[in-house]
Amino acid sequence: MNKQEIFELLEDYLEGRLDDRAKVDLESKIASDVELREQLELLTFTKRQLKDVGLWREINSVHETFKSDREKKSKGQVISLFGKKWIGIAASFLLIFAFISISLYQLQPSKIVDDNYIAYKLPVMRSEEGQHTAVELFYQQRDWDNLLSWVEKEQSPEQKPYFFAGLASYEKGAYSETLNYFNRVGEINARAEKKLFEQEMDFYSSLTYLQLGEFDEAYRLIDKMKENRSHVYHDAFGRWDRFKIRLLKLKKGG
Amino acid sequence: MTVDKDYDDEKAIRDIGLNVDLQKPIRYLYACHYNGVERYILRNSGSTFDAEDIFQETLMVTIKAIQGSRFRADSSLKSYVFAIAKNLWISELRRRKSASKRAEIYTDEQDMQIKPTTNELIRNEDFKLVLGLFESLGGKCKRILLLFYYQDMSMKEIMEAENYTSEQVVRNKKYKCLKTLIDQIKSDPILYENVKDALNYE
């Protein structure tokens, strides 16, 4: 019998696969052979340990799954915490950012001006009916060139011609000229007892500054109109317009 | 990891006893008791790694106790698992010669009534040594030994599953692998001494 055959015989014995005669024969050999008894002890022990190794591996495979599920769950909780609260906030910020970006891209000062422009209307007073000055008539007829020629020719000491010259220049797109004419009105007002067109000039100057891209000045004048509840143009610009002007300033890099 | 809602202690004990599809009761024990055992070990100077090791050892002892009919039907599986885990952890701390930490550990009398026997603890220590020796074997050897001794597959089934040319080839391979493992156990004097002691406990 070689070593493998002895091992297999011992295994058959442990598994109860030997018939009675072979069993008695082997037991007698085990009783007298120390080496065979030792082999049987080691085989018995090793077989049992191998069953434990199998069980250990089975437990270990569940352990690994359990651990991995637990980690996923814990990450999931972090993500869900992050998701529910911070991702929501981040998404809102992204939306706001996207909205601002699109608005900035589309935002033009001329659009704000067009949306808020109020044409100056000549006062219609019964006592003054039929008594419009030449400059007013040119204004009514939207004859900007003749209006401006007339104002330059007349060199009036009064505020009215220069105010209308400012409006005519605005209509012609000569915005710097508008400001120059309004300055002349301001200079006359400074000396005159009766201050004229001050509130009108606030409004049309703000539009002019917007057209010139001087958003700080435009904003300052709009603020001035907003702060004064009795200002004729108090409601000419809303909060949203002011916000858009701030955006224009940002866009310009100011 | 999912556990059936209607799966309970009784079914887990039954399945472990029958030794069929152990994954199910093991998953159940993990789902029900791992967190509690981990909390206990973390509160008593242990780490999460300690908790993982102790729980695995606890399940080994519990399953073998049930299969060896040493599990008392009057104790709940929960109290049994916890008592085993606590005792294994105390033994581990003793092994680490951490007397001061040991004194801080909370145990009550009830826990001490259910504990792994000295025999079980020695076997557990032996097992760790054998596990190390087993892991040092080649992949084919490990597979063939587990298929035969743990999964109780026949030579023919192993031949088919592992693509061996004949049952005799499987038989020869299994013998070589087993002999290698036995020789390694034999060459470890402490382990070999314990083998004799363990067999004398039978």
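How many salt bridges does the rule find across the interface of chain A and chain B? It finds 7, where a salt bridge is a side-chain nitrogen of Lys or Arg within 4 Å of a carboxyl oxygen of Asp or Glu. This is a predicted model, in which local features need pLDDT of at least 70 and side-chain atom pairs count only at pLDDT 80 or more, while totals for chains, interfaces and linings use all residues. Residues are numbered from 1 along each chain as its sequence is written, chains are lettered from A in the order in which they are written, and side-chain values use heavy atoms, with hydrogens and water left out.

**The two chains**

- Chain A has 11 helices and 0 strands. Helices here are DSSP runs of H or I with at least four residues, strands are runs of E with at least two, and both are numbered from the N terminus.
- Chain B also comes to 11 helices and 0 strands.
- Of the 254 residues in chain A, 37% are buried. Buried means under 20% relative accessible area, exposed means over 50%, and partly exposed lies in between (1.4 Å probe, protein chains only).
- In chain B, 47% of the 202 residues count as buried.
- Chain A has an accessible surface of about 15700 Å², and carbon and sulfur atoms hold 53% of it. Accessible areas come from the Shrake-Rupley method with a 1.4 Å probe; for residues, only the protein chains shown count as cover.
- Chain B exposes about 10600 Å², with 48% supplied by carbon and sulfur atoms.
- Among contacts in chain A with a separation of 6 or more, 58% are between residues 24 or more positions apart. Contact means heavy atoms within 4.5 Å.
- For chain B, 60% of the contacts between residues at least 6 apart in sequence join residues at least 24 apart.

**The interface**

- The size of an interface is often given as the accessible area lost when the parts come together.
- Between chain A and chain B, about 4200 Å² is buried, and carbon and sulfur atoms give 67% of that area. Buried area is the accessible area (1.4 Å probe) that two parts lose on being put together, summed over both.
- On the chain A side, Phe45(A), Leu50(A) and Trp56(A) lose the most area to chain B. Together they account for 16% of what that side buries.
- Chain A brings 34 residues to the contact, and chain B brings 49 residues.
- One of the salt bridges joins the side chains of Asp52(A) and Lys64(B), at 2.9 Å from N to O.
- Helices α1 (3-14) and α3 of chain A each supply at least two residues of the side that touches chain B. The largest share of that side, 29 residues, comes from α3(A).

**Two residues with partners in both chains**

- Glu11(A) is found in helix α1 of chain A. Glu11(A) counts as buried because its relative accessible area is 5%.
- Beyond residues up to four places away in sequence, Glu11(A) touches Arg17(A), Leu43(A) and Lys47(A), plus Phe148(B), Tyr149(B) and Lys174(B).
- Arg27(B) sits in helix α2 of chain B. Its relative accessibility is 24%, so Arg27(B) counts as partly exposed.
- Leaving aside neighbours within four places in sequence, Arg27(B) is in contact with Val62(A), Met1(B), Thr2(B) and Val3(B).
- Arg27(B) and Val3(B) are 24 residues apart along the chain, and their C-alpha atoms are separated by 6.7 Å.

**A nonpolar surface patch**

- Ile89(A), Phe93(A) and Ile96(A) form a nonpolar patch on the surface, with about 290 Å² of accessible area together. Patches are made of residues with over 30% relative accessible area and no salt bridge; like charges are joined within 9 Å, and nonpolar side chains (Val, Leu, Ile, Met, Phe, Trp, Tyr) within 5 Å.
- Phe93(A) belongs to helix α3 (residues 34-106) of chain A. Phe93(A) counts as exposed because its relative accessibility is 55%.

**Positive phi in loops**

- Most residues other than glycine have a negative phi.
- Gln155(A) has a positive phi, near 50°. Gln155(A) lies in the loop between α6 (144-154) and α7 (159-172) of chain A.
- Asp21(B) is not a glycine either, and its phi is positive at about 50°. Asp21(B) is in the loop between α1 (9-18) and α2 (23-43) of chain B.
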